[in-house]
Amino acid sequence: MFTRQFSIATPVFLPIFLIQEAVVSQVRLPGGGFSILLIFALTWAVLSQPEVAAVIGFAAGILMDLSQSAGGPFGQWTLIMLLAGYSISYIGYGDDNIHANAIGIVFFVVIATFCVEIAYLISGALLGVAIGSLGQVLITLFGMSLWALLVSPIMLPVFTRLHAMIFDSRSSL
């Protein structure tokens, strides 16, 4: 059953990745902007079981590594997203207060975005990637978290409906 659901879910990630690369990353927003693929993957991780969220994080991480704006070594985003997907799903799994409440999902996604960016900075520093000045790093972290807070509620209905269509037990697909 999971094979069928994953084969349906895989083509959903590709248009999100193309929108991110063709539209979102081309627009220069103050504070670093946002990643729609990151928000999408973390939203799905909140709504999924931990095992499913780890696979979703892995797939999103590979796509983020393939991005033209990825500055680190290949596999850095894959590892971070795999761990983040599993972690966020494990923390929120079984808690109906999170799944039934849009504010809870947005809160989890924003906090997870901030933590993922911190993990990317720490792992990048360990791997020898230049990270810039402390002021610029803080502005980017704050800006990306703020953009995630603004974009997540707008995209949440679409992302949850897609998740329900594919992974709900009453799925008609």
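**Entry 1: a cut-off to start with.** I call a residue buried when its relative accessible area is under 20%. I also remind myself that this is a predicted model.

**Entry 2: Ile-56.** Next I asked myself: which residues does Ile-56 touch, not counting residues up to four places away in sequence? I found Phe-13, Ala-41, Trp-44, Ser-48 and Phe-167. I also checked Phe-40, which is 16 residues from Ile-56 in sequence, with 9.9 Å between the two C-alpha atoms.

**Entry 3: the whole chain.** I stepped back to list the elements. The chain has seven helices and zero strands, and from the N terminus on I read α-α-α-α-α-α-α. The radius of gyration is 15 Å, close to the 16 Å that the globule rule gives for 173 residues, so the chain is as compact as a globular protein of that length. Along the principal axes, I get a C-alpha trace spanning about 50 × 30 × 30 Å.

**Entry 4: burial, surface and contacts.** I noted that 43% of the 173 residues are buried. The chain exposes about 9,300 Å², and carbon and sulfur atoms supply 71% of that area. I then took the contacts between residues at least 6 apart in sequence: 74% of them join residues at least 24 apart.

**Entry 5: the core.** How many residues does the largest nonpolar core have? I read off 43, and the ones with the most contacts inside this core are Phe-13, Trp-44 and Met-81. The elements giving two or more residues to the core are H1, H2 (36-47), H3, H4, H6 (102-126) and H7 (134-167). The largest share comes from H2, with eleven residues.

**Entry 6: Trp-44.** Leaving aside neighbours within four places in sequence, Trp-44 is in contact with Ala-9, Val-12, Phe-13, Ile-56, Phe-159, Leu-162, His-163, Ile-166 and Phe-167.

**Entry 7: helix H4.** I checked the span of H4, residues 76-92. Its 17 residues reach 24 Å from the first C-alpha to the last, close to the 24 Å expected at 1.5 Å a residue. The buried residues I listed in H4 include Trp-77, Ile-80, Met-81, Ala-84 and Ile-88. Gln-76, Thr-78 and Ser-89 are among the buried ones too.

**Entry 8: helix H6 and its ends.** I did the length check again on H6, where 25 residues reach 36 Å, close to the 36 Å expected at 1.5 Å a residue. What caps the N-terminal end of H6? I found Asn-101 there, with a side-chain oxygen 3.1 Å from the backbone nitrogen of Ile-103. H6 is followed by Gly-128, which has a positive phi, near 90°.

**Entry 9: Glu-21.** I finished with Glu-21, found in helix H1, residues 2-22. Is Glu-21 buried or exposed? Its relative accessibility is 14%, so Glu-21 counts as buried. I looked for a partner and found that its side chain makes a polar contact with the side chain of Ser-67, at 2.5 Å. Not counting residues up to four places away in sequence, Glu-21 touches Gln-26, Ser-67 and Gln-68.

Note on methods:
Residues numbered from 1 in each chain as written. Predicted model: local features only at pLDDT ≥ 70, side-chain atom pairs only at ≥ 80, totals over all residues. Heavy atoms only, no water. Helix = DSSP H or I, 4+ residues; strand = E, 2+ residues; numbered from the N terminus. Buried < 20%, exposed > 50% of the residue type's maximum accessible area, 1.4 Å probe, protein only. Polar contact = N/O pair within 3.5 Å; in protein donor to acceptor, adjacent residues only side chain to side chain. Contact = heavy atoms within 4.5 Å. Expected span 1.5 Å × (residues − 1). Rg over C-alpha atoms; globule rule 2.2 N^0.38 Å. Areas by Shrake-Rupley, 256 points an atom, 1.4 Å probe, with all protein chains shown as cover. Core = buried A, V, L, I, M, F, W, Y, C linked by side-chain atoms within 4.5 Å.
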